[in-house]
Amino acid sequence: MRKTTFPALILLLASPLCGQEHGAPKAEPKGKATSSAAPSDNPDSPSAALAELQSGNSRFVNSKRSRTLETAKDAGRRGELAKGQSPFAVIVTCSDSRVPDNLVFDQEMGRLFTIRVAGELLEPGGIASVDYAVEHLGSKVVIVLGHASCGAVKAVRDAKGKPLPGNLWAFQAGMAGLLETNPADPNEDGAAYLARLVEQNAKRQAQILVDRSAEVRHLVGSDKVWVVPAVYDLASGKVSFFKPLSVAEASHH
Ligand SMILES: [Zn+2]
């Protein structure tokens with residue numbers, strides 16, 4: 001399995017994505033076990049990374065954003081980041097314009113490594129992007145973030161198995177099995193059913209990531225990275241986080 005990812009990594013290493021060896025400028029050698037030298041306020045464990053996203057989201061919900069309001073620091077940050085990046089979190093989310101992840105988690109540039117595609121589908125390019133971030137940039141947590149009223153999930157629900165036109169069929173391919181494992185409940189209205197599908201899709205995409213990436217599976221298994229499904233509520237701005245995936249869950253599917 002290492003063999004399959006190796007050529008992809010060579011490409012990434014040769015690309016401008018990887019401006020320097022291990023992402024960040026060297027900080028003072030502080031005897032920490034981590035190999036990447038991240039800025040001093042970077043969370044250095046999966047639990048700390050998740051806690052930072054939770055507190056950032058609560059700042060956002062309460063109209064108390066702070067990190068994303070420090071515009072006076074923009075030029076300095078750009079200069080620092082031009083030398084390398086060490087985003088502490090990966091966010092896999094929908095392209096929907098109402099889910100601006102930097103604002104939702106109140107994190108400025110250089111902190112979040114984001115993969116956005118409608119329906120937060122974990123396709124090969126997205127999985128490779130996550131691999132790159134957790135292996136080479138030192139990201140500690142991967143959030144797979146669905147959201148209320150997702151148009152991609154709704155399109156798949158409403159098609160009821162009939163192929164969607166043009167390229168839209170890719171949503172059905174990416175969510176294959178979602179409707180079959182989560183049939184409509186006659187006691188549930190359309191909105192409740194959609195909300196249930198949104199949550200299940202985020203969990204299934206997170207599982208796809210762990211199933212299809214040996215690198216992520218290894219890092220989750222050794223507790224160096226957490227993969228956490230979550231759902232964003234458009235109106236309140238609140239992110240509900242679910243249980244981090246475990247490798248045991250990943251192995252039987
Ligand atoms: Zn969406």
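At what angle do the axes of helix 6 (residues 151–159) and helix 9 cross, and within what distance do they come? The two axes come within 10 Å and cross at roughly 115° (axes being lines fitted to C-alpha atoms, for helices over the stretch in contact, with angles from 0 to 180 degrees between N-to-C directions). That makes helix 6 roughly perpendicular to helix 9, on a scale where angles under 35 degrees count as roughly parallel, over 145 as roughly antiparallel, 65 to 115 as roughly perpendicular and the rest as oblique. The crossing is right-handed; the term applies if the near helix is turned clockwise from the far one by less than a right angle, and left-handed if anticlockwise. Helix 6 brings Val 153, Lys 154 and Arg 157 to this contact, and helix 9 brings Leu 194, Leu 197, Val 198 and Asn 201 (contact: C-beta atoms, placed from the backbone, within 7 Å). By class, that is four nonpolar, one polar and two charged residues, with Ala, Val, Leu, Ile, Met, Phe, Trp, Tyr, Cys and Pro taken as nonpolar, Asp, Glu, Lys and Arg as charged, and the others, Gly among them, as polar.

All of this comes from a predicted model, in which local features need pLDDT of at least 70, side-chain atom pairs count only at pLDDT 80 or more, and totals for chains, interfaces and linings use all residues. Residues are numbered from 1 along each chain as its sequence is written. The chain averages a pLDDT (the predictor's confidence in each residue, from 0 to 100) of 88, and 83% of the residues score at least 70. Over residues 1–36 the pLDDT is below 50.

Now to the sheet. It is open, with five strands in the order 2-1-3-4-5 and mixed pairing; strands (E, at least two residues) and helices (H or I, at least four) are DSSP runs numbered from the N terminus, and two strands pair if DSSP finds at least two bridges between them. Strand 2 (112–116) and strand 5 (239–241) sit at the edges, each pairing on one side only. Strand 3 (residues 141–147) and strand 4 (residues 226–232) run parallel, joined by seven bridges, and Val 142 has Val 227 of strand 4 as its bridge partner. Helix 9 (residues 190–212) lies across strands 1, 3 and 4, at about 150° to strand 3.

Notes:
Two residues are in contact if their C-beta atoms, placed from the backbone, lie within 7 Å.
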